[in-house]
Every structure is written in C-alpha cells, then in structure tokens.
Amino acid sequence: MKRSWPLFAVLAVLGLAQGGLPYPEGYRFWTHVKSMELKPGHPLYESFGGLHHIYVNPMGLRTYLEGKKTPFPKGTVIVFDLLEAKVEGNALIEGPRKLIGVMVKDPERYPDTGGWGYYAFGPDKKPLAIDPKACFACHQGAANTDYVFSAFRP
C-alpha cells in the first residue's frame, strides 16, 4: 500500500517557519540510507571530514528504493548528519556532531537550485549561514540522479 504524504503534512511535522526551516527533530527515526567516513585526502575533507549518516523521510524513501530512477517527489527531506570520527582502542566511533545538512524538495519554492532547498544546522541545532547556490553547484555532479549523491544501502 502506497502511503501519500502531502507536502503540507511534511512541513507541518518539520514545523516550517516563515523564511527558513527549523531543525528537523526526529530525523533519526526516518529511514537510514547509508553511512560513510570522509578521511584526509578526500577533496571535501576540510568542510565535511568525519562520519556521515544519511536519512530520508517517508516521502522520499520509494525513490531511493527504486534506485533513483525517477526524481524525488515534492516534500522529500534528506538529512546529512556529520559527526567527528574518533578512534578509541581498535574501534572507530562517533564523536561530537559537527552539523546536519538538510535538503528539501520543492520545485516551486527552489527553482534556481534544481528544486532543492539547502539548509544546515550546528550542533546546538541553530541554523548556520550557508550559500544554497554553492551547495547546488557541488550537487551538479549528481544531476542525473536528481542532484542526490547517496544511494540506498539495503
């Protein structure tokens, strides 16, 4: 059975405030898409080095499960949770949170950035000043998959 989540319901859950996006409380209860670590030597290490966990809300899950063969539907929210990578003993563990990045799909609201809004929040859950057009410029490399790099890891 297909579950339909209208955009207004998704935004109500997020508590969308006029002019911005509030911290997406509860995103860790969404579907975990994948995890990875960026290490020194990676071109994005200076900005995004550490452990990455990617989550998607119910609206966007089907597109991931189908291999991103179609664009994500309006109302999709993807969270990129970035934490420091720490080594303790012989284990790699999560350190403190560095930031979360949030992508919100709404082609009418974000026509200049491929239909995606880009937001970031610090470890204190307060919004960070970012340049959405710079985010979109990087995501151009994933234009053939609706500007989303991550693939679902079953």
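Tutor: Start at Y147, which sits in the segment after α4 (132-139). Element names follow DSSP runs numbered from the N terminus: helices are H or I runs of at least four residues, strands are E runs of at least two. This is a predicted model; local features need pLDDT of at least 70 and side-chain atom pairs count only at pLDDT 80 or more, while totals for chains, interfaces and linings use all residues. Residues are numbered from 1 along each chain as its sequence is written, and side-chain values use heavy atoms, with hydrogens and water left out.

Student: What is the phi of Y147?

Tutor: Most residues other than glycine have a negative phi. Y147 is not a glycine, yet its phi is positive, about 65°. Y147 is buried, at 18% relative accessibility; buried means under 20% relative accessible area, exposed over 50%, and partly exposed in between, with a 1.4 Å probe and protein chains only.

Student: Which other residue has a positive phi although it is not a glycine?

Tutor: K68 does, with a phi of about 55°. K68 lies in the loop between α3 and β3 and counts as buried at 11% relative accessibility. A glycine with positive phi, G67, near 80°, follows α3.

Student: Which residues of α3 are buried?

Tutor: They are M59, G60, T63 and Y64. In α3 the buried residues fall within an arc of 120°, so they line one face of the helix.

Student: How many helices and strands does the protein chain have?

Tutor: There are four helices and five strands. Read from the N terminus, the order is α-β-α-β-α-β-β-β-α. Of the 154 residues in the protein chain, 41% count as buried.

Student: Which residues have the most contacts inside the largest nonpolar core?

Tutor: A nonpolar core is a set of buried Ala, Val, Leu, Ile, Met, Phe, Trp, Tyr and Cys residues joined through side-chain atoms within 4.5 Å. The largest one here has 15 residues, and Y64, I78, W116 and V148 have the most contacts inside it. Two or more residues each come from β2 (50-56), β3, β4 (91-105) and β5. The largest share, three residues, is from β3. A second, separate core has 13 residues, including Y23, W30, V79 and I100.

Student: Which residues does I78 touch?

Tutor: A contact means heavy atoms within 4.5 Å. Leaving out residues up to four places away in sequence, I78 touches I54, Y55, V56, Y64, F72, G101, V102, M103, W116 and V148. I78 is in strand β3 and is buried at 5% relative accessibility. Its C-alpha lies 8.2 Å from that of G101, 23 residues away in sequence.

Student: How many aromatic pairs does the structure hold?

Tutor: Rings of Phe, Tyr and Trp (its six-membered ring) pair if their centres lie within 6.5 Å; planes under 30 degrees apart count as stacked, over 60 as edge-to-face and the rest as tilted. The structure holds eight such pairs. One of them joins F72 and W116 edge-to-face, at 5.8 Å centre to centre with 70° between the planes. The pair links distant parts of the chain, 44 residues apart: F72 is in the loop between α3 (58-65) and β3 (77-88), W116 in strand β5 (residues 116-121). F72 is buried at 3% relative accessible area, and W116 is buried at 0%. Elsewhere, ring pairs link Y23, Y27, Y55 and F121 into a cluster.

Student: How many disulfides are there?

Tutor: A disulfide is a pair of cysteine sulfur atoms within 2.5 Å. The structure holds zero. For C135, the nearest cysteine sulfur is that of C138, 8.1 Å away. C135 is partly exposed at 23% relative accessible area, and C138 is partly exposed at 39%.

Student: Where does pLDDT stay under 50?

Tutor: The predictor's confidence in each residue, from 0 to 100, is its pLDDT. Values stay under 50 over residues 1-18, for which the model has 24 contacts beyond four places in sequence. The protein chain averages 88, and 88% of the residues score at least 70.

Key
The arc is that of the directions from the helix axis to the C-beta atoms.
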